[in-house]
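Please walk me through this structure.

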Amino acid sequence: MKAAPDVTWDSLDWRALDRLRAGFLDGQAAQGPYWKSPHDLAAYDLTYGERIGWKWDAVLRELRLRSWAPAPASAGLVVLDWGCGSGIAGRRVIAAIGPEKVSRLLLWDHSPLAVAYAVERARSAFPGLTVDAASGPSTASDVLVVSHVLNEIPPAQLSDFRSLLTATRSLLWVEPGTHEVSRSLQQWREHLLADGAHLVAPCTHQGSCGLLRAGEERHWCHHFAPPPVGVHADRHWVRFAQRAGIDLRSLPYAFVIAERTASSAPFPAGAARLIGRPEHFKPYARTLSCDAAGVTEVTLPRRTLPDLYKHLERNRGPLLYRWERQDNTVTAGESLIPLGSS
Ligand SMILES: C[S@@+](CC[C@H](N)C(=O)[O-])C[C@H]1O[C@@H](n2cnc3c(N)ncnc32)[C@H](O)[C@@H]1O
């Protein structure tokens, strides 16, 4: 059997997807490898994996808009996709960095089936690139890609995992935007800072996370990626969403981009990242705004700031702003990324 069978919407194994979903929901996924065949991986890659790819697209777009790229390596970058599954994250990252800047893509997963599938898919996506299975979980890399794996790592492995994060030069890490996983990632962000990393995103500052302060427990650092245009009208995606119990319009994610040596352009003083989705009411918009001083709920009156109110309504991210405020009401503000930039 080919490690990466061709699967289309018409040949998709829906029952395999149902089984995977049940495992993700009931915690079985944290009990050890769960991929049963290359067909599982192919079905995942076409659906859940592709959806994760849309989150990566949003993150990689932000990095491009901010002119950030992983620190180059003279012999080319070694990229490691850790917990690769079908390898969607590694492929998205290589496409964004440019395969010509990469000397090797390494894939690691505790499921050998997953590694074999991801290797074959990456080789066919980037024929000129050297793609191999990593020799073990602690393989060194210049760029470490981690995607949707945090809640599956057993506690006994977390200390080694932390060493891996610390050793890489550039870390690109995306997780689901649920309350539980996002708050766990907030803690990992603190570990990264303690281990000397420099944060590129999502934070506009290098201080400790405002959402970890007492009283902020109900909030979590998450953002929304825009799904591809037309996906809601695509009968295959609609069927998948119904079966998987997913809202196609909503793609919440949490992420951390960090580097060992600071290279990203610093944010201007007062720069804020908005958390979650701003709410629009007739007289005002309300949003949770995070900056070096902490996290606050801010209000934008529509009457005095009609353009900013509209901007916030149309902005699909990244939601980076700088406000002038009186108490928690915005009196003036600017977006740090022009609307419509791509
Ligand atoms: C939800 S899937 C995500 C796959 C892929 N990273 C993505 O974003 O689509 C989680 C993956 O992590 C792998 N995994 C879970 N625990 C692991 C561990 N302790 N070491 C290595 N891989 C692990 C699983 O086998 C699975 O392929």
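The protein chain is assigned two domains, domain 1 (14-259) and domain 2 (271-335), with bounds that come from an automatic or database domain assignment. This is a predicted model, in which local features need pLDDT of at least 70 and side-chain atom pairs count only at pLDDT 80 or more, while totals for chains, interfaces and linings use all residues. Residues are numbered from 1 along each chain as its sequence is written.

Taken over C-alpha atoms, the centres of domain 1 and domain 2 are 29 Å apart. Contact between the domains involves 17 residues of domain 1 and 16 residues of domain 2; two residues are in contact if their C-beta atoms, placed from the backbone, lie within 7 Å. On the side of domain 1 that touches domain 2, H2 and strand E7 (223-224) each supply at least two residues. Helices (H or I, at least four residues) and strands (E, at least two) are DSSP runs, numbered from the N terminus. That side of domain 1 is made up of 7 nonpolar, 7 polar and 3 charged residues. Here Ala, Val, Leu, Ile, Met, Phe, Trp, Tyr, Cys and Pro count as nonpolar, Asp, Glu, Lys and Arg as charged, and the others, Gly among them, as polar.

Helix H2 also holds Lys55. Is Lys55 buried or exposed? Lys55 is buried, because 26 other C-beta atoms lie within 10 Å; a residue is buried if 20 or more other C-beta atoms, placed from the backbone, lie within 10 Å of its own, exposed if 12 or fewer, and partly exposed in between. Apart from neighbours within four places in sequence, Lys55 is in contact with Val174, Ala225, Leu251 and Tyr253. Glu175 is 120 residues away from Lys55 along the chain, yet their C-alpha atoms are separated by 9.0 Å.

The ligand has 20 residues around it, of which Gly83, Gly85, His110, Ser147 and Glu152 come nearest. A residue is near a molecule if its C-beta atom, placed from the backbone, lies within 6 Å of it. Helix H2 (38-65) and helix H3 (88-97) are the elements that give two or more residues to this shell. By type, the shell has 9 nonpolar, 9 polar and 2 charged residues.

The largest nonpolar core has 87 residues, and those touching the most other members are Val79, Leu80, Leu107, Leu144, Val145, Phe255 and Ile257. Such a core is a set of buried Ala, Val, Leu, Ile, Met, Phe, Trp, Tyr and Cys residues joined through C-beta atoms within 7 Å. H2 gives the largest share, 12 residues. Both domain 1 and domain 2 contribute residues, so the core lies between them.
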